[in-house]
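Please examine the sequence and the structure shown below. The report that accompanies them is written for a reader new to protein structure.

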Amino acid sequence: MRLNPFGGSRRTRQADAVVTGAGSGIGRAFAIELAQRGGRVICSDIDGDRARETVEMIDDAGGKAFDTVCDVSRMPDVAALADTAEQWFGKPADIVINNAGIGRGGTVIGDAPLSEWHQVLDVNLWGVIHGCHVFAPRMRAAGHGAIVNVASAAAFAAGPRMAAYNVSKAGVLALSETLAAELAGTGVSVTVLCPTGVKTNILEGVSLPDDAMSRWGERLLRWTERPPAPIIRGTLDAVDRGRLYVVPQVEAKLIWQSKRLLPEPYTRAAGLLERLAR
Ligand code: NAD
């Protein structure tokens, strides 16, 4: 690991990395950027074909990557992922990106089926818990490493009609803050990424219940026009600086500040704005 001239270590240079949900969007962008920074990357995804596509993209660009299937909601899969990484790298991973997640929304609490709650929490929250549970002790024992958890601005900005998603991401934020406190001084850093809209396939599995919700979905889609690559480069630079929070976009920063300064007006305004937008 090379030294950072500004202090701290350049954790993301030539770092052997594991990325979950690496077959698309933000996870793919992390895998490609980490490979460009000279590291070997394990690209894992529940969808093996997508993970393989990411590996082919990295191979074509001259990088080193390996694909594997892992459903992050299943603890045995995540434990096997860490073992695979150790075998391939010959040592524990330097970085893990707990990224895999799904988007669901469109219905209010009480109408949203409990099966949706379970599905979202199993992947978005339990997936990250599994990743931290498995990788943190190995990195602590090695005396170095970086854990990056992908949350969302939804972690602190509870917009209506996406309760399960909001709760899952608030859980990831709390988990990351707890882990950062527990790992302080061990050589292992924790970073939590909280973006607003990013142009990915996240809305692929989201079926909105009525026309009004479809219009709401289209507005949301229009908002999600920023590509992931610059956000991911900034996040990895923040990992190099040992930063805990990455709140990348301007509106994400605005929401973060207004929620901190004016929490109650913020929540009421979020509900009213959503009703007006429909
Ligand atoms: P995406 O749908 O493009 O990619 C998600 C990837 O995760 C897919 O390849 C999918 O196959 C994989 N996946 C789904 N369930 C899985 C499971 N159980 N185990 C392993 N892999 C699984 O979406 P994305 O936008 O790149 O999402 C990545 C992360 O970013 C998610 O945690 C999401 O909540 C978060 N995020 C996205 C946005 C956005 O606007 N796109 C904003 C904030 C946060």
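## Overall composition

The model described here is a predicted one. The protein contains 9 helices and 7 strands. Of its 278 residues, 50% count as buried.

Contacts across the sequence can also be summarised. Among contacts between residues at least 6 apart in sequence, 71% join residues at least 24 apart.

## Aromatic rings around Trp256

How many aromatic pairs are there? The count comes to 4 aromatic pairs. In one of them, the ring centres of Phe156 and Trp256 are 4.8 Å apart, and the planes stand at 70°, so this pair is edge-to-face; the angle needed for that label is over 60 degrees. Phe156 belongs to the loop between strand S5 (145-150) and helix H5 (163-183), while Trp256 belongs to helix H8 (residues 250-261), so that the pair links distant parts of the chain, 100 residues apart. Are these two residues buried or exposed? Phe156 has a relative accessibility of 7% and counts as buried. Trp256, at 14%, also counts as buried.

Trp256 takes part in another pair, with Tyr245. Here the ring centres lie 5.2 Å apart and the planes are at 55°, so the pair is tilted. Tyr245 is in strand S7 (residues 245-246) and Trp256 in helix H8, 11 residues apart, and this pair too links distant parts of the chain. Tyr245 is partly exposed, with a relative accessible area of 29%. Elsewhere, one aromatic cluster is formed by Phe66, Trp88 and Phe89.

## The pair of helices H3 and H4

Two packed helices are described by the angle between their axes and the distance between the axes. For helix H3 (residues 75-89) and helix H4 (residues 114-142), the axes come within 9 Å and cross at roughly 35°. The crossing in which H3 passes H4 is right-handed.

Which residues make the contact between H3 and H4? On the H3 side they are Met75, Val78, Ala79, Leu81, Ala82, Asp83 and Glu86. On the H4 side they are His130, Gly131, His133, Val134, Phe135 and Arg138.

Val150 lies in strand S5 and is buried, with a relative accessible area of 5%. Leaving aside neighbours within four places in sequence, Val150 is in contact with Phe30, Ile97, Asn98, Asn99, Lys169, Val172 and Leu193. In sequence, Val150 and Lys169 are 19 residues apart; in space, their C-alpha atoms are 8.4 Å apart. Ser152 is found in the loop between S5 and H5, and this residue is buried at 7% relative accessible area. Outside four places in sequence, the contacts of Ser152 are Tyr165, Lys169, Leu193, Cys194 and Pro195.

Ser176 lies in helix H5. With 0% relative accessibility, Ser176 counts as buried. A polar atom of the Ser176 side chain lies 2.6 Å from the backbone oxygen of Val172. When neighbours within four places in sequence are left aside, Ser176 is in contact with Asn149, Val190, Val192 and Leu244.

Most residues other than glycine have a negative phi. Which value does phi take in Gln14? Phi of Gln14 is near 50°, a positive value in a residue other than glycine. Gln14 is found in the segment before strand S1 (17-19), and at 48% relative accessibility it counts as partly exposed.

Arg161 likewise has a positive phi, near 65°, and is a residue other than glycine. Arg161 is placed in the loop between S5 and H5. At 19% relative accessibility, Arg161 counts as buried, because the limit for that class is under 20%.

Definitions and conventions. Residues are numbered from 1 along each chain as its sequence is written. This is a predicted model: local features need pLDDT of at least 70, side-chain atom pairs count only at pLDDT 80 or more; totals for chains, interfaces and linings use all residues. Side-chain values use heavy atoms; hydrogens and water are left out. Rings of Phe, Tyr and Trp (its six-membered ring) pair if their centres lie within 6.5 Å; planes under 30 degrees apart count as stacked, over 60 as edge-to-face and the rest as tilted. Helices (H or I, at least four residues) and strands (E, at least two) are DSSP runs, numbered from the N terminus. Buried means under 20% relative accessible area, exposed over 50%, partly exposed in between (1.4 Å probe, protein chains only). A polar contact is a pair of N or O atoms within 3.5 Å; within protein, one must be able to donate a hydrogen and the other to accept it, and residues adjacent in sequence count only if both atoms are side-chain atoms. Contact means heavy atoms within 4.5 Å. Axes are lines fitted to C-alpha atoms, for helices over the stretch in contact, and angles run from 0 to 180 degrees between N-to-C directions. A crossing is left-handed if the near helix is turned anticlockwise from the far one by less than a right angle, and right-handed if clockwise.
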